[in-house]
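I opened a notebook on this chain and looked things up one at a time. My entries follow.

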Amino acid sequence: MSKRRTLKILSSFALTGTLGAAVGLPGSSVAAAGDWPQRPVRLIVPFAPGGSNDVIARKLADSMSKNTGQSFIVENKGGAGGVVGSGYVATSAPDGYTFLFVSGSLATSAAVQKTPYDPKTAFDAVSMVASAPFVVLTRKDFPAKDMKGLLAYAREHPGQINFGSAGLGDSSQMATELLANKAGVKMQTVGYKGISPAQLDLVAGRLDMIITTMASINGTPTDQLPKLAFTGAEREPDYPNIPTVKEATGLDYVVNVWWGVFAPKGVDGAIRNRLNAEIKKAISTEEFAKFLHTAGARPQASTPEELQKLLESDMDQWTETAQAAGIRPQ
């Protein structure tokens with residue numbers, strides 16, 4: 001074979017290899033997903049430790065670490081109702097090693113804040129993890145002892161009931177604002193960097209009420225405070241004597257919180273599908289279901305498309321709620 005012919009063949013092989021690396025030959029993404037994860041994966045929780053996001057994320061991380069043989073690490077980056085941590089993920093490299101574990105607050109915060117990202121376009125949805133109703137709690141010596149009495153007190157003392165939230169626009173605040181709007185009452189919000197410090201102030205009597213999750217209060221002193229109602233469509237089996245808000249007041253009010261995982265926009269689709277499968281595997285065990293049950297929640301997986309649709313629907317609802325409450329994006 002001539003020297004010229006040999007060089008031509010070698011050049012052809014080199015070009016093919018270059019193009020394959022650039023555009024990804026069939027199976028290259030699958031191979032990458034099959035190798036993933038090759039190093040620790042971070043789950044960013046955009047709230048302080050101790051809240052429901054943190055508690056559920058750590059259980060999920062532990063389960064996926066055992067299943068994959070690679071570490072899944074939870075990092076808390078709280079502040080601004082979840083915006084700080086969510087913004088961090090939005091600007092992270094979509095390399096499959098940084099993900100956002102967040103509740104529906106991803107939608108609520110955007111309804112009341114000028115976030116540095118658009119939740120609808122800044123992330124790639126991966127999967128839901130769980131869902132649950134909220135619970136309405138009051139301080140131990142609050143004058144009203146049931147849900148109907150709470151709203152009656154609010155009408156008689158407009159603007160005097162203060163409630164805690166995990167920052168402007170978090171799920172607990174918006175659930176309370178929606179209740180106030182439905183009932184035609186006015187209450188004052190007090191924002192914290194996470195729901196845990198708000199719950200501590202409720203126990204200390206410095207707040208009047210909180211709408212939060214059982215996941216957040218389970219095993220804490222807050223769990224001993226009066227539970228007036230749950231916000232779901234039906235009574236909770238573990239608390240058969242506690243009514244729903246709708247049942248107790250007649251208001252058309254049903255609100256649930258969800259938790260899910262999102263990736264920075266542009267993550268490899270095969271890696272996203274692999275993580276979706278790992279999440280479903282982790283939450284499908286009896287152990288995980290029991291864990292969520294003690295937290296008043298239930299496992300609920302989804303496709304990426306279902307989670308994306310839920311996020312967009314929630315953003316529309318909470319934007320309307322914020323406008324009705326007179327909350328302007330800040």
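**Core.** I began with the largest nonpolar core, which has 98 residues. Leu-60, Val-129 and Phe-262 touch the most other members. A nonpolar core here is a set of buried Ala, Val, Leu, Ile, Met, Phe, Trp, Tyr and Cys residues joined through side-chain atoms within 4.5 Å. Buried means under 20% relative accessible area, exposed means over 50%, and partly exposed falls in between (1.4 Å probe, protein chains only). Strand E4 (residues 123-133) gives this core its largest share, seven residues. Domain 1 (38-132 + 256-325) and domain 2 (135-249) both contribute residues, so the core lies between them. The domain bounds come from an automatic or database domain assignment.

**Ground rules.** I noted that this is a predicted model, where local features need pLDDT of at least 70, side-chain atom pairs count only at pLDDT 80 or more, and totals for chains, interfaces and linings use all residues. Residues are numbered from 1 along each chain as its sequence is written, and side-chain values use heavy atoms, with hydrogens and water left out.

**Confidence.** pLDDT is the predictor's confidence in each residue, from 0 to 100. The chain's mean pLDDT is 89, and 90% of its residues reach 70 or more. Over residues 2-31 the pLDDT is below 50. Beyond near neighbours in sequence, that stretch has seven contacts in the model. Contact means heavy atoms within 4.5 Å.

**Whole chain.** I counted 14 helices and eleven strands. Helices (H or I, at least four residues) and strands (E, at least two) are DSSP runs, numbered from the N terminus. Buried residues make up 51% of the 330 residues. Among contacts with a separation of 6 or more, 77% join residues 24 or more positions apart.

In what order do the six strands of the open sheet run? I read E2-E1-E3-E10-E4-E11, with mixed pairing. E2 and strand E11 (298-299) stand at the edges with a single partner strand each, so one side of each has no neighbour in the sheet. Two strands pair if DSSP finds at least two bridges between them. E3 and E10 pair in the antiparallel sense over four bridges. There, Phe-101 stands opposite Val-261 in E10.

**Back to Val-129.** I listed its contacts, leaving aside neighbours within four places in sequence.

**Helix H4.** Which residues of H4 (residues 83-90) are buried? I found Val-83, Gly-85, Ser-86, Gly-87 and Val-89. Their cover includes strand E1 (41-45), strand E3 (98-103), helix H5 (105-112), E4 and strand E10 (256-264).

**Parallel pair.** Strand E6 (residues 162-165) and strand E7 (residues 188-191) pair in the parallel sense over four bridges. Gly-164 stands opposite Val-190 in E7. E6, helix H8 (residues 171-183) and E7 make a right-handed β-α-β unit. Right-handed means that, with the strands pointing away from the viewer, the path from the first strand over the helix to the second runs clockwise.

**Ser-172.** This residue is found in helix H8. Is Ser-172 buried or exposed? At 3% relative accessibility, Ser-172 counts as buried. Beyond four places in sequence, Ser-172 contacts Phe-134, Gly-164, Ser-165, Ala-166, Ile-195 and Ile-211.

**Strand E8.** Strand E5 (residues 135-138) pairs with E8 in the antiparallel sense over four bridges. Val-136 stands opposite Ile-211.

Most residues other than glycine have a negative phi, and most peptide bonds are trans. The bond from Trp-36 to Pro-37 is cis, with omega near 0°. Pro-37 is found in the loop between helix H2 (28-35) and E1. Ala-80 has a positive phi, near 60°. Ala-80 sits in the loop between strand E2 (72-76) and H4. Its relative accessible area is 38%, partly exposed.

**Chain end.** Ala-325 lies in the segment after helix H14 (304-324). At 23% relative accessibility, Ala-325 is partly exposed. Ala-325 and Ala-180 are 145 residues apart along the chain, yet their C-alpha atoms are separated by 8.4 Å. Not counting residues up to four places away, Ala-325 touches Glu-177 and Lys-186.
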